[in-house]
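Biologist: I have the structure open. Can you walk me through what is in it?

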Amino acid sequence: MASFKYESQVRAPLVDGSKDYHQVTEDIVRPIEAPPSRAWWIGFVISVALLLFGVYSIYREVTYGVGQWNLHKTIGWGWDITNFVWWVGIGHAGTLISAILLLFRQGWRTGVNRAAEAMTIFAVMCAGQFPIWHMGRVWMAFFVLPYPNTRGPLWVNFNSPLLWDVFAISTYFTVSLLFWYSGLIPDFATIRDRAKLKWRKLTYGLLAFGWTGSTKHWQRHESLSLVLAGLSTPLVLSVHTVVSFDFATSVVPGWHTTIFPPYFVAGAIFSGFAMVQTLLLVTRKVLALEDYITMEHIEVMNKVIVLTGSIVGIAYLTELFIAWYGQNPYEGYAFMKNRLDLFSPYGWSYWLMMACNVISPQIFWFRKLRRNIVVTFFMSVIVNIGMWFERFVIIVTSIYRDYIPSSWAVYYRPTIWEVGFYLGTFGLFFTCYFLFSKFFPVIAIAEIKHILKKSGESYKKEMGHVEKESADSLFHEVHAAHH
Amino acid sequence: MAVKKFVVGCFNEEEQVFDAVKKARKIGYKLHDVYTPLPVHGLDKAMGLRDTSIHTAGFIYGITGTTIALSCIAWIFTQDWPLNIGGKPHFALPAWIPIMFEFTVLCAAVGMVLTFCYLCQLAPFVRKHHFHPRATDDKMVMVIEVTPKSDESEITGFLNTLKAEDVNTQIAETGWWLGRYDREQKLYSDETVSA
């Protein structure tokens with residue numbers, strides 16, 4: 001393997017165990033060809049039940065109106081938009097892994113990118129539900145699209161961040177889906193070509209689009225992936241920037257800050273990586289993929305979590321500083337009174353956010369804890385709770401005390417149907433993820449094969465020998481030259 | 001397209017394929033294609049394939065998207081329905097940047113994927129001849145076309161000396177047809193299909 005000698009020996013292998021290309025195919029396709037386990041069925045049924053509860057909650061909301069939720073004139077955005085921002089944020093880690101790390105030539109992305117991209121797509125699907133059903137008269141949802149109409153024509157407002165969001169989210173979903181699917185085509189062909197059952201041959205034959213593995217097609221495929229990664233990179237940054245504009249371009253104290261775009265993007269990646277950890281720690285165990293999603297992968301992602309968590313922490317502190325330094329009484333009140341004051345009605349949520357997002361991830365400075373699966377799983381859940389509260393804090397604590405004290409809100413708590421809608425999106429997310437993990441290759445087969453001879457454990461051993469030998473001979477040559 | 005005769009051989013290692021491609025081109029055999037389960041970097045160059053222009057197509061789709069977004073929004077907000085928003089200018093370019101950017105990305109991505117599928121003839125119900133079932137698993141499958149200038153047994157001997165596995169001759173359709181992978185027959189008769 002002389003041609004792959006440039007891979008550093010200092011780095012741990014990304015694929016454990018001694019494997020060849022065929023073994024990689026076997027390992028990844030095996031769960032697809034085996035009947036689903038009992039655990040899969042239990043998880044799937046629970047997810048579908050949650051989804052049905054969500055559908056019923058939406059049915060109530062559509063039938064009786066937005067009054068089914070505890071929103072009112074002062075708190076117009078409550079759980080609903082909190083959940084929207086939370087789900088969009090989760091999606092961002094998938095694109096970061098699939099696109100940005102591809103441009104940065106990070107080999108470790110290969111083990112986790114397929115599942116992370118799937119997570120992106122399902123998370124954006126969940127996110128999209130919230131603004132749509134929040135409209136109330138959902139049958140008029142198409143009014144958000146600019147098209148010539150008989151109402152004037154009355155166009156949408158292109159200067160409004162809410163319309164930017166329509167474009168950002170729909171483009172993000174479409175591009176992520178195309179990127180994901182173009183990567184899946186060769187892997188579907190792998191499953192198709194080894195399928196014995198008639199229905200499997202038919203289904204994967206349709207999904208694989210007649211892929212053959214021709215060199216010319218691979219050349220175009222590589223070029224396509226690279227350009228899509230190049231397009232997705234600014235896209236993913238723009239999406240959460242635009243989401244933050246929904247708040248930052250308003251004149252509401254607590255929202256009206258220029259720090260929002262980078263702060264939102266960092267938070268999105270932070271929560272997204274936590275969700276990737278939650279999903280993959282279970283997936284690798286259940287599907288026996290520990291050789292592909294290794295301790296190295298988990299450790300690297302924990303490093304991203306401590307980094308982005310600290311960026312978010314600095315953003316929180318900067319906001320507080322500017323609120324004090326700016327001497328704007330309204331902004332000062334929103335930050336010092338409505339958030340920082342633990343005994344204000346929602347002060348508890350601010351401190352919960354601080355504890356979950358800023359303080360607790362600091363444990364990942366310790367290598368031992370970064371490499372501990374139980375700690376990682378626990379932390380991934382904590383981070384996502386914290387990030388949900390971040391959005392809750394931003395939305396509710398900024399608006400529940402208006403400019404006019406007479407319109408200050410009574411204590412806002414969600415109705416069962418508001419909670420039900422949120423649980424329903426969990427149902428949607430996990431139903432999709434369970435189907436994905438059963439019928440789709442959870443790891444990008446062709447891409448793993450691509451790094452196998454550089455970063456596979458057995459190949460690394462061989463290379464270590466080669467490298468050592470050449471270093472020794474170099475030493476002798478230099479030594480001889482000096483005498 | 002056309003039915004032709006091919007000699008097929010399989011390799012396990014990338015190095016073997018590079019070696020075989022170089023030697024085959026030196027002798028002057030007509031390389032039909034090499035089918036690999038993973039992208040083998042540099043193989044396209046070794047085979048003498050030209051670079052793909054798909055990224056150029058992507059650029060053109062992208063700027064088309066930018067132009068469409070800018071011209072449509074500009075026309076709507078300055079000509080068709082000029083809204084007075086606090087007396088601000090109708091031509092509010094900075095506020096349009098997000099949508100122009102998103103639409104650029106959307107057009108570039110959708111256009112490129114469609115172009116990719118068109119160039120590689122990828123679609124549901126598209127069927128092609130597969131020279132070896134493990135070309136998508138672990139074998140690098142080299143396919144050499146038998147032309148009037150080359151001899152079938154000579155090519156077979158050539159592949160055998162390179163230690164290729166499963167060397168065999170196949171007569172195959174080079175184009176695609178409408179079909180399903182669980183059935184052998186075509187969805188339509190030959191007259192209705194033209195590649």
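Modeller: First a term: pLDDT is the predictor's confidence in each residue, on a scale from 0 to 100. This is a predicted model. For chain B the mean pLDDT is 90, and 96% of its residues reach 70 or more.

Biologist: What are the ipTM and pTM scores of the model?

Modeller: The ipTM is 0.92 and the pTM is 0.91.

Biologist: And what should I do where pLDDT is low?

Modeller: Predicted coordinates should not be read in detail there.

Biologist: OK. How many helices and strands are there in chain B?

Modeller: Chain B has five helices and six strands. Going from the N terminus, the order of its elements is β-α-β-α-α-α-β-β-α-β-β. Chain B is more spread out than a compact globule, because its radius of gyration is 25 Å, well over the 16 Å that the globule rule gives for 195 residues. Its C-alpha trace spans about 85 × 40 × 30 Å along the principal axes.

Biologist: Into which domains is chain B divided?

Modeller: Domain 1 takes 3-50 + 125-192, and domain 2 takes 54-119. Between the C-alpha centres of these two domains of chain B there are 43 Å.

Biologist: Now the sheet. What is the strand order?

Modeller: The order is β2-β4-β1-β5 in chain B, an open sheet of four strands with antiparallel pairing. β2 (30-35) and β5 (165-173) of chain B each have a single partner strand, so they stand at the edges and one side of each has no neighbour in the sheet. On average, neighbouring strands of this sheet are turned by 25° against each other, ignoring direction.

Biologist: How many bridges join β1 to β4 in chain B?

Modeller: Six, with β1 covering residues 3-11 and β4 covering residues 140-145 of chain B, and the two run antiparallel. Within that pair, Val8(B) is opposite Val143(B) of β4(B). On β1(B)'s pairing with β5(B), there are seven bridges, also in the antiparallel sense.

Biologist: Which residues are the bridge partners of Cys10(B)?

Modeller: In β4(B) the partner is Val141(B), and in β5(B) it is Glu165(B).

Biologist: Which helix lies across β1, β4 and β5 of chain B?

Modeller: That is α5 of chain B, residues 152-161, which runs at about 15° to β1(B).

Biologist: Switching to chain A. What is its secondary structure?

Modeller: Chain A comes to 16 helices and zero strands. Its radius of gyration is 25 Å, which agrees with the value near 23 Å that a compact globule of 483 residues would have. Along the principal axes, the C-alpha trace of chain A spans about 90 × 65 × 45 Å.

How values were computed
Residues numbered from 1 in each chain as written. Chains lettered and ligands numbered in written order. Predicted model: local features only at pLDDT ≥ 70, side-chain atom pairs only at ≥ 80, totals over all residues. Pairing = 2+ DSSP bridges. Axes fitted to C-alpha atoms, helices over the stretch in contact; angles between N-to-C directions. Contact = placed C-beta atoms within 7 Å. Domains from an automatic or database assignment. Rg over C-alpha atoms; globule rule 2.2 N^0.38 Å.
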